[in-house]
Amino acid sequence: MLDGKRILLIVSGGIAAYKSLVLVRRLRESGVAVRAILTAGGAAFVTPLSLAALTEGKVYQDLFSLTDESEMGHIRLSREADLVVVAPATADLMAKMAAGLADDLASTALLATDKPVLIAPAMNIEMWSHAATQANVGLLARRGVLRVGPGAGELACGETGAGRMAEPEEIMLAIEAALMGRAAGDDRALIGKRAVVTSGPTWEPIDPVRYIANRSSGKQGHAIASALARHGAEVVLVTGPTHEPDPAHVSMRRIETAREMLDACMDALPADIAVCAAAVADWRVRAAASEKLKKDGDGPPALELAENPDILHRLATLENRRPPLVIGFAAETEHVVAHAREKRRRKGCDWILANDVSPGTDIFGGEHNTIHLVDERDRVEDWPPTDKVEVADRLARRIAGHFAAGA
C-alpha cells in the first residue's frame, strides 16, 4: 500500500530518536523512499551515518550548506515528499512550528512545505502537560497537522505518564492512514457528511445578572468539531459561552440557554452525525426575574425550577429527521461504565462517551480526558488517557470507520 511513496523524515532531539531508526527500516521494507533531516539535537542521540545507511541516501543537517542548496534546496526537500513526518517531535520544535519560526533546516522545511505533516511527540510528562505545549498542540491541530501519540507509560527520565513517543508500528499505521486517505486530517474521509456538534455550558438566567451554569469549558466539544471538519465533514458547532477559539472551517451557532441550543440544533438538521458534547444545565428557573433580585432581609428568594429539554434524547428519537449516528457524553462520578450503558439505552442514542469527572480528575477545563466508548451493541472500548485533541481525532476516525463500513 505504501510502495512508491516518498516521506521526508525529520528527527529531532530526544532519547526516542532511536525509534526513528526502526521506523526508517519499516518504511524502506514497505517500499517507501525516505529522505531524512537530522537536527543538532537529534544528532546527539543518533548518528548521521546510521540514518544514511538505513535511508540509503544523504542525511540533511545544515540549512546554510551551499552544497546541499545546490543539490537539494530546502524548498524542494520539503515539497518533493508525499508526507512530512516529525519523529520525535520535541516541545521546542512544535513551538517553532506553532510560531512559524525558521532558524534551522528542520523548522524551515516545515514552514516551506505544502504537504501534510504528521508529528509524533516525545517528551517529559510535565513538558507535555504544560499549558504552552498544549496550546501549541491545539493550534497545530487546528491548522491540520496530524499527530500520533504520545502514549503513556514509563519515561526515560524515570517518571511515569503521558509523553512516550508512539511505537514505530503505530507511526506506520498513522503514515499509512495519512497517505491512503484514512487519516484524521484527510479531508476525504467524511466528505459529503454533515455534522452537528454541541459544546460548552448553558447559562440559565435567574435575573439579568445571575444564572445557573456548570463547569464545562467547551474544550472537548470544540476539538471534536475541529476534528470532524479536518475529516471533510460540513460541521455546525452549537456552543454555549466559552473562551475557546472558533475552530477553522466550522459554522458557528452561539447560544446561552438549553432551549436556544435545542432550537439551533433543530435548525441545523438534516445531518448525518450529531455529537452532543455540551454540558447542558438540567434545570432552569421557571420564571426568571426581569430586574436584578435584591437582598431584602428576608433571606434568599425561593426559586422554582423547571426541567430543561433533553437535547440528546430529542435528537436520538426524532421520527423523520434523526441523524443516522447520534453520540452523547456521560460525565459520571461513580460507576462510570454502568451508568453510561444505562444512559445510552435511556436516551436512545447510538454511542455514549463516558468519562470520570469525580473530584480530582480535572476534566472540566483541563487538557486531558479518559474515555470509555459504549457502542450500539453495548460493547465498551476503553481508550487510554490522553489529551482532548487526541480524543477528538480518535472519535473522528471512529466515526469515519463507522460510515466506511456501510453503517
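A crossing of two helices is left-handed if the near helix is turned anticlockwise from the far one by less than a right angle, and right-handed if clockwise. Helices (H or I, at least four residues) and strands (E, at least two) are DSSP runs, numbered from the N terminus. This is a predicted model, where local features need pLDDT of at least 70, side-chain atom pairs count only at pLDDT 80 or more, and totals for chains, interfaces and linings use all residues. Residues are numbered from 1 along each chain as its sequence is written, and side-chain values use heavy atoms, with hydrogens and water left out.

**Helix pairs**

Two packed helices are described by the angle between their axes and the distance between the axes. Axes are lines fitted to C-alpha atoms, for helices over the stretch in contact, and angles run from 0 to 180 degrees between N-to-C directions. Contact means heavy atoms within 4.5 Å.

| Helix pair | Angle | Axis distance | Handedness |
|---|---|---|---|
| α5 (residues 91–99) and α8 (residues 131–142) | about 50° | 9 Å | left-handed |
| α10 (residues 219–230) and α14 (residues 388–404) | roughly 45° | within 8 Å | right-handed |

Take α5 and α8: they pack at about 50° with axes 9 Å apart. That makes α5 oblique to α8. Angles under 35 degrees count as roughly parallel, over 145 as roughly antiparallel, 65 to 115 as roughly perpendicular and the rest as oblique. From α5, the residues A91, M94, A95, M97 and A98 meet T133, N136, V137, L139 and L140 of α8. This contact has 8 nonpolar, 2 polar and no charged residues. Ala, Val, Leu, Ile, Met, Phe, Trp, Tyr, Cys and Pro count as nonpolar, Asp, Glu, Lys and Arg as charged, and the others, Gly among them, as polar.

Now α10 and α14, whose axes cross at roughly 45°. These two are therefore oblique to each other. On the α10 side the contact is made by K219, Q220, A223, I224, A227, L228 and R230. On the α14 side it involves K388, V389, V391, A392, D393, L395, A396 and I399. By class, this contact of α10 with α14 has 10 nonpolar, 1 polar and 4 charged residues.

**Sheets**

An open sheet of 6 strands runs in the order β3-β2-β1-β4-β5-β6, with parallel pairing. Edge strands β3 (59–60) and β6 (146–147) each have a single partner strand, so one side of each lacks a neighbour in the sheet. Two strands pair if DSSP finds at least two bridges between them. Strand β2 (residues 33–38) pairs with β3 over 2 bridges, in the parallel sense.

Another open sheet has 8 strands in the order β13-β12-β9-β14-β17-β18-β20-β21, and its pairing is mixed. Here β13 (251–254) and β21 (380–382) stand at the edges with a single partner strand each, so one side of each has no neighbour in the sheet. Neighbouring strands of this sheet are turned by 15° against each other on average, direction ignored. Strand β12 (residues 234–239) and β13 pair in the parallel sense over 4 bridges. V238 has R253 in β13 as its bridge partner. Helix α13 (residues 336–347) lies across β17, β18, β20 and β21, at about 150° to β18.

**Single elements**

L21 sits in helix α1 (residues 17–29). Beyond its neighbours within four places in sequence, L21 contacts V46, S50, L51 and L54. The C-alpha atoms of L21 and L51 are 6.7 Å apart, though 30 residues separate them along the chain.

In helix α6 (residues 105–112), 7 of 8 residues are buried. Buried means under 20% relative accessible area, exposed over 50%, partly exposed in between (1.4 Å probe, protein chains only). The buried residues of α6 are L105, A106, S107, T108, A109, L110 and A112.
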